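User: I've got this model open and want to talk through its aromatic rings and what surrounds them. Can you take my questions one by one?

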Amino acid sequence: SVDPAKEGKSRHPGDLASNDLQSAPRQLRIRRGPPLAREEPMLALKKKREAEAKAKAEAEASGASSAISTPPSSEPSSETKKVSILGIGGKKKKDKGENSSSSKKRTPGEIRIQKDIAELDGGKVATIDFPNPNDLTTFHVRVTPDTGFWKGASYLFTFQIPDHYPHSPPKVHCETKIYHPNINLEGKVCLNILREDWKPVLDINAVIYGLIYLFYEPNPDDPLNHEAAELFRRDVNQFQRLVSRTLSGGILDNVQFQRLV
């Protein structure tokens with residue numbers, strides 16, 4: 001008989017008999033197959049998912065970049081429109097066919113006169129009229145005195161607001177011919193607050209009140225019509241008779257006056 005121990009020693013260590021293989025521990029039989037063979041599908045799937053994630057990230061980055069580089073819409077926001085309309089915050093681009101006057105920048109005089117107009121109060125003696133509602137710098141004031149030498153007559157004055165108003169006084173012209181110490185026959189008005197006594201704190205109301213006061217209390221010491229002022233100082237009754245003649249449409253010193261009463 002053959003000694004199993006001797007027989008095992010005489011065989012090569014790698015030459016296992018079938019019965020030896022069957023009797024070998026289970027872990028030895030598992031080691032016969034390649035372990036990496038079962039991990040390859042999982043590794044491939046993992047790589048595939050990583051590639052998909054990378055491609056998705058690159059696509060998103062590309063989309064964000066194109067969104068940033070896309071020029072903004074030419075349609076301005078409502079806030080920008082409002083600011084442009086208010087002339088603040090830069091110049092508004094003029095659309096084709098747009099009226100150029102609508103984009104004209106407002107002067108300080110136009111801004112101030114808006115406030116003054118909202119506060120105008122001449123009562124029944126003075127009424128204000130705007131020939132062009134879109135132009136607040138030119139308007140008419142009609143003064144109808146309710147007492148004094150010119151009671152019942154109506155006199156039209158034109159107001160011109162300069163660009164630098166209220167730092168410069170308004171220009172006032174009398175359109176109705178009048179015999180008055182402080183208003184000459186050409187319609188120029190002598191009122192202290194329209195000259196050296198003007199201050200930026202004064203407004204259109206102050207000028208209108210000043211005109212009304214000239215009809216109540218003429219000032220012969222600061223005249224434009226020197227003959228009328230001299231007669232007013234020397235003989236106020238004769239002055240009143242001449243004023244009445246002019247109000248009735250008479251002629252004085254070869255000047256025809258319009259009938260006002």
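User: Is Phe139 buried or exposed?

Analyst: This is a predicted model, where local features need pLDDT of at least 70 and side-chain atom pairs count only at pLDDT 80 or more, while totals for chains, interfaces and linings use all residues. Residues are numbered from 1 along each chain as its sequence is written, and side-chain values use heavy atoms, leaving out hydrogens and water. Buried means under 20% relative accessible area, exposed over 50% and partly exposed in between, with a 1.4 Å probe and protein chains only. Phe139 has a relative accessible area of 0%, so the call is buried.

User: How many aromatic pairs does a search of the whole structure find?

Analyst: Rings of Phe, Tyr and Trp (its six-membered ring) pair if their centres lie within 6.5 Å; planes under 30 degrees apart are stacked, over 60 edge-to-face, and the rest tilted. Searching the whole structure on that basis, the count is 12.

User: What kind of aromatic pair do Phe130 and Phe139 form?

Analyst: Phe130 is partly exposed at 22% relative accessible area. Its ring and that of Phe139 sit 5.2 Å apart, centre to centre, with 40° between the planes, and that makes the pair tilted.

User: And what kind do Trp150 and Phe239 form?

Analyst: Trp150 is buried at 0% relative accessibility, and Phe239 is buried at 0% too. Their centres are 6.1 Å apart with 75° between the planes, which puts the pair down as edge-to-face.

User: How many residues apart are Trp150 and Phe239 in the chain?

Analyst: Helices (H or I, at least four residues) and strands (E, at least two) are DSSP runs, numbered from the N terminus. Trp150 is in the loop between strand 2 (138-143) and strand 3 (155-160), and Phe239 is in helix 9 (residues 236-247). The pair links distant parts of the chain, and the separation is 89 residues.

User: Which residue of strand 3 does Val141 stand opposite?

Analyst: Two strands pair if DSSP finds at least two bridges between them. Strands 2 and 3 are joined by 6 bridges and run antiparallel. Opposite Val141 you'll find Phe157.

User: Which residue in strand 4 is the bridge partner of Thr158?

Analyst: Strand 3 and strand 4 (residues 171-174) run antiparallel, with 4 bridges between them. For Thr158, the partner in strand 4 is His173.
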